Amino acid sequence: MALFPAFAGVVSDKIDDSCKDWLNNKSFQADDTVSLNHRALQQVQQSHNKDDSSPYRAVTSEEGADDKLPKKRKKKKERKKKKKHKKRGRSSSDCSDSDSQTIYPSDLKRKEETDSRQAAPLSSLFSWLDDVQSSTELPFCVDRKPDAANWTYKSLYRGDIARYRRKGRSSLGLDPRIQEVSWEEPSGKKKAADKKKKAAERYYSSASRQLLRPECALPALPGKPECGDVIANTAFLPLVNQEVAGRGETGERGPTSEANPLGVYDTATALWLQGKGKPESTGDQDQVMQVEQRASGPAAKTQDFNRHLREQPGDTRLWMDFIRYQDEQSAAAFGGELEQQGNATEHRKASLRAILEKKLSIAERAVAANPACVALQLERLRLCSELWEPAALAKEWKKLVFLHPNSAPLWRRYLLFTQSHFSTFTVSKVNTAYGKCLSTLSAVQDGSMVSHAALPGTEEEMLDIFNQQCHFLRQCGHSEKAVSMFQALIDFTFFKPDSVQGLSTKQQVEFFEPFWDSGEARVGEAGARGWRAWMQQQERGGWLQPDAEDDDEEEEEEDEVRDPSRPRWDIWLDVEASREAAHWLPWRPDKTKGQSVEDCEDPDRQVLFDDIGPSLIRLCSTELQLRLLLCFLSFMGLPVGPIHRGSASQDSLLLEGLSLLTQDYDPLRPLTNHDLPDAGVSSVGDMAPMQGGRNWAGLGKQGEVFLANVLNKLLPLLPTRHRALLTLTWIRHEKRKVLLRLRGSSVKRLRSQGKSSKRLAKRLLKEQENRSSLELWREYAHLEWLLGNADDARKVFSTGMGGAKGPSSDPALCELCLLWAELELELELQQGAGQSDPTASLAMGVLTRLAEGTSSSASYSSSTLSPVAILKARKSYEQALTESLAALDKEVQKCLADKKDLLGDKLRLRGLVGCYALFQYLTINIQAADGVYSQAREQMESLCSALTRDSTKDANASEEASRVCTARLAVECEALAVQHTTLLRLHTSTRVFPLATLRRTLTSALSMWHHSAPLWSIYIQVENRYHSAGRARRFFHSVTRESDSVLPRLFAIVGEQQRKQLVDSVQRSVSGDSALPVLPENGLSHRIRSLFESAAAGESGAHCPLLWRMYMRFLVSLGNLDKARGIFYKALQSVPWAKGLYMDAVQLFPEKLQEFTDLMTEKELRLRLPLEELDILLED
């Protein structure tokens, strides 16, 4: 049979097809064609009016003989298109059938195949069950075509798996007791989670919280075993499993297997080696693991904070701790990540803003839970200052002050905000705010404001605010107003008439105004009688003014412009500073000379009552009255101790003098160099630039007369103890003037100053009540010693020791003997490094006589002491120190209970400890002296820490007795630390001694007394002797990280600047004769700049005028004038009131003189020499 059945009858005789059997189709019968045609015609007629579309498309022969199965279902659009084409084909064929009724064999064959395929079972075809219309017994299909994706991905495609919903969790045919199937529910929220991931994640999202989880700890090196034989006998270090070591030294290994023969791998590693994975855990186990992971990270601490705050929402300290914790949490979570990114600055700003928003949210929650807590309100406003606009912030401050008018700390923060806000700052506006603050607090204190009760410590806070206002006016250049305020308050406090004692403060101020405007002499002026005497005389009819005296010496006016050839800016600085030093007293018309108000050449020198009246307050406590006088003396420049000087929190606002940071080591006075430490606060009249400061000592002629008039008028009105303290301060002021003259080069001025100081000291000692004051005798003897009169000083010391009864008899006697012994030891070192035999030293004689309690009036010449006398003296010192330290706690409790002895004479142990330590140093060695100081300091510092801790917890911590007692004990501890380090430094400079002891003493002392300038000066002097600065930098970093004080940061900057000067000098010396135009960069300048920036970032540093002035000068020294000018304008945003800053700017940028003077005039700073007047002076 031929290949083509239609032509099977045609036989070719010419061609032999015997070899082509493969071309014959033997399965075809020619007789079947007629029957097939007839059957096809019948079926066409039956289905002519029916829809013959099949539920699926069969595979045609044209598509290939090998494709026995249909293709997969295609998309809907393609199927619709194909159906349309089929309909068109059928319609055309139908039309042709109806017309001609001609049927071809090929059509019949195709139709038969179609029918046969429709009747085929589903097991041989692939179709969708939903498309099958008739039911079948075998609803499945055998797919014999392999899928290569199964071998590639080792799993079926998820689209080939039918979806179903399971009912119940059981399985048929399983024993529920021993067999179980774990069913996993499909996650229906997967798409929603994917959408959420695309959105921006906040700090509370799961991805952000994941960053807060702790990272795995780094593996530690194996520790050295206790016995050294293990290392010696083995050639390797044993690796210890940390988990096993945490459970115990004898930990068992894990299970062994083929993959883990030694049992050293954990379970996950062993399964991985076997080609297996971890067993899947249930949801509960995952939650437990997540909880355990969170429990060990920062998120656990946050959860603890939230839980405690929900339970105790009224715990304000916990709220503050939670706010501060956000900085630690952000540093731990984002610190390293931000540094690794390229745009670290932008990320850091964004992260800081996010942290601020988070902290502000916590603060608002805290304020909502505790609306009456002022500390939380202040913290909230502090956070808002970096996020809100200035107008909104000022409005919020006024609202808060209105709601809490009785809170003095809130008022202080509000005044600082008003004082440092450059855009709205003017001197008159800030001065008005101070007056409103003090008048409001006075009304609260008197009870006039019935809506709010007075808080404890309000009177003390009012005095601190008043002192701050006076220093603010002095720094602005308005020294006349500041002095007038002190004059008015002293007259208002100490010379108040008895008839107005029962009135309120506002009514008393109204009675005081006529006295102030009457022209009567005020405190400090010649002929001053006081407010009380004036009122009494007014009731009698007044008194007559005395006639002018003929012997009054008129002041000769000197030419202010000494050298007109100098630059214009230099002349302006000189004249401005000289007028500030000469005209700080308010101008008063002298009625004896017929002067009136119109005779004043400078109207700003006159002070009206409206400028000072609102700031007058009433002080009822005698201790606060004494503190007022000491604040006034400190304002005048007298050396006053830190106990009564004022609040330590405002010291950074007053720091202007560079002398605080540059206390050089004096080799001639190694033990007494820190007897009068500098406070760093400029005195009245000192407005010179930082370079080329004042070249005189004291207050000038008029100032000294004014000070003497004030003290002579007030001393008779004070109690005996207060009178002795003021007298002691006066003599120390004279001693400081002598010390300043000693540092100068004029011998004539030194001799003149010495005569006047000795005359005043002798006059004070002649008074009956001062003859038995050992403090005054001590200062007078030291004054004589400084003037070079050693013999006269020994006589004064011997007179003071006349009534010696032992080391524990009087603390002042021990301090006198200690000073005498230190001076004698210094003199011996100057003359020849001391004597070989310490028993023949004059210092030993003084200390031995103090211990024996014998009179030293016989002879103070050098004589050898017997060993028995030395042993007795040592025993006496040891017994006295033991008794004093044992009774220290009782004395503190007695002081707090009785509220007496607030000056703490029983707490003064510096003299006794110093004498005993110096005695041990001269007789034994430095280790014995170090042991004495360590014993005393340890006990006193522990007691001081306990008092400070109790005062913070106690509700009555603001009482005057507790504050003064704690401050006195702190001052004694600091003085002991200074004496201790001074003695160790003396020994290291004269003997061979390891420096570790001195360093350890300094670091321990500075860790506790980080505000001590003498200790920082000694530390810098010791560390700068060595080139390696790593130790000092690490210590400074540790102290500044824990303390908010600006003083450690200033000393860190000074230390780096001194090191830079040393390196620069060495580099210049290496170059030889040729000078280096530009020194090579060594990195110190960048470090100093970073220290300045970090110090200015804090609140205490930002409001410190000294810091900004140092920063400007440092940049100018590097040649960065543009950056220094930018720092000046940046400093104005924080300290716009500091006139010294403008003076430095004029000196550093003289071309901007007109701009700076206009700015000072705009902000109402005191401008004593306008540029128009300067031009007139230059023309004349």
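**Close-up views of aromatic rings**

**View 1. A lysine over the ring of F422.** K1163 sits over the face of F422, 4.3 Å from the ring centre, where a charge counts as over a ring if NZ of Lys or CZ of Arg is within 6 Å of the ring centre and within 35 degrees of the ring normal. The model is predicted, with local features needing pLDDT of at least 70 and side-chain atom pairs counting only at pLDDT 80 or more, while totals for chains, interfaces and linings use all residues. Residues are numbered from 1 along each chain as its sequence is written, and side-chain values use heavy atoms, leaving out hydrogens and water.

**View 2. The pair W397 and Y414.** The structure holds 33 aromatic pairs, a pair being rings of Phe, Tyr and Trp (its six-membered ring) with centres within 6.5 Å, called stacked when the planes are under 30 degrees apart, edge-to-face when over 60 and tilted for the rest. Because the planes of W397 and Y414 stand at 45°, with ring centres 6.2 Å apart, this pair is tilted.

View 3. With ring centres 5.5 Å apart and planes at 45°, the pair of Y877 and F919 is tilted. Y877 counts as buried at 0% relative accessibility, and F919 likewise counts as buried at 0% relative accessibility.

**View 4. A cluster of rings and a lysine.** Ring pairs join F492, F512, F515, W516, W531, W534 and F609 into a cluster. Over the face of F492 lies K496, at 4.5 Å from the ring centre.

Definitions and conventions
Buried < 20%, exposed > 50% of the residue type's maximum accessible area, 1.4 Å probe, protein only.
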